[in-house]
Amino acid sequence: MKPITEYYSEEQAVTMVGKGWEPLVRRVYNAKAGMGLIVGIIGVKERYGVLRIYTDFYDKNLEDVIIEVGYESETICPQCGNPSTIMELSSGMYVNACPECKKHILEEMFKD
Ligand SMILES: [Zn+2]
């Protein structure tokens, strides 16, 4: 049977989101290692402009770190790490970007 869960190593996890969020993802892995936890990371993604990290096991202390980086991610551009804001492009579609990256994203979306 194929396993339902996919586990991410730290190096795989940082490639799931933009470079700007790499330090946030690494902080979660460092915290996990520091706590000596055998918790699997099964999801790393941007959802509604926010960094979401999913685990296969609930640990309160690790969850606190995950929530903390989630909040921080709201004001960090995933592309480049500069200060950013989350903007709603259309109903239910959010983009988190700094002014510079936002310009590129909008140019990409509305070209032609
Ligand atoms: Zn940016």
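**Overall layout**

What share of the contacts in the chain with a separation of 6 or more comes from residues 24 or more positions apart? The share is 46%. This is a predicted model. Its chain has 112 residues, and 21% of them count as buried.

The chain holds four helices and four strands. Read from the N terminus, the order of elements is α-α-β-β-α-β-β-α. Along the principal axes, the C-alpha atoms fill a box of roughly 50 × 35 × 25 Å.

**Helices α2 and α3**

Two packed helices are described by the angle between their axes and the distance between the axes. Here the pair is α2, residues 22-34, and α3, residues 60-73. Their axes come within 10 Å. They cross at roughly 170 degrees. Angles over 145 degrees count as roughly antiparallel, and α2 and α3 are therefore roughly antiparallel to each other.

On the α2 side, the contact is made by Leu 24, Arg 27, Val 28, Ala 31 and Lys 32. On the α3 side, Leu 62, Val 65, Ile 66, Val 69, Glu 72 and Ser 73 take part. By type, the residues of this contact divide into seven nonpolar, one polar and three charged. An α-helix has 3.6 residues a turn, so residues three or four places apart point the same way.

Strand β1 covers residues 41-47, and strand β2 covers residues 50-55. The two run antiparallel and are joined by six bridges. Gly 43 has Tyr 54 of β2 as its bridge partner. Ile 41 has Thr 55 of β2 as its bridge partner.

Two residues lie between the strands of this hairpin. Tyr 48, in the hairpin, takes a positive phi near 50 degrees.

**Ser 73**

Where does Ser 73 sit? Its place is in helix α3. Ser 73 is buried, because 24 other C-beta atoms lie within 10 Å, and 20 or more is the cut-off for burial.

Residues up to four places away in sequence are left out of the next list. Ser 73 touches Trp 21, Leu 24, Val 50 and Leu 51. Leu 24 belongs to the α2 side of the helix contact. Ser 73 can also be placed relative to Gly 49, which is 24 residues away along the chain. The C-alpha atoms of Ser 73 and Gly 49 are separated by 8.1 Å.

**Cys 77**

Cys 77 lies in the loop between α3 and β3, the strand of residues 85-90. Is Cys 77 buried or exposed? Cys 77 is buried, with 22 other C-beta atoms within 10 Å.

Leaving aside neighbours within four places in sequence, Cys 77 is in contact with Gly 20, Asn 82, Ser 84, Asn 96, Ala 97, Cys 98 and Cys 101. Phe 57 is 20 residues from Cys 77 in sequence. In space, Cys 77 and Phe 57 are 28 Å apart, C-alpha to C-alpha.

**Helix α4**

Helix α4 spans residues 99-110, 12 residues in total. From its first C-alpha to its last, α4 reaches 16 Å. That is close to the 16 Å expected at 1.5 Å a residue.

How many of the 12 residues of α4 are buried? The number is zero, so α4 lies largely in the open. Just after α4, Asp 112 takes a positive phi of about 80 degrees.

Key. Residues are numbered from 1 along each chain as its sequence is written. This is a predicted model: local features need pLDDT of at least 70, side-chain atom pairs count only at pLDDT 80 or more; totals for chains, interfaces and linings use all residues. The expected span of a helix is 1.5 Å times one less than its number of residues. Axes are lines fitted to C-alpha atoms, for helices over the stretch in contact, and angles run from 0 to 180 degrees between N-to-C directions. Angles under 35 degrees count as roughly parallel, over 145 as roughly antiparallel, 65 to 115 as roughly perpendicular and the rest as oblique. Two residues are in contact if their C-beta atoms, placed from the backbone, lie within 7 Å. Ala, Val, Leu, Ile, Met, Phe, Trp, Tyr, Cys and Pro count as nonpolar, Asp, Glu, Lys and Arg as charged, and the others, Gly among them, as polar. Two strands pair if DSSP finds at least two bridges between them.
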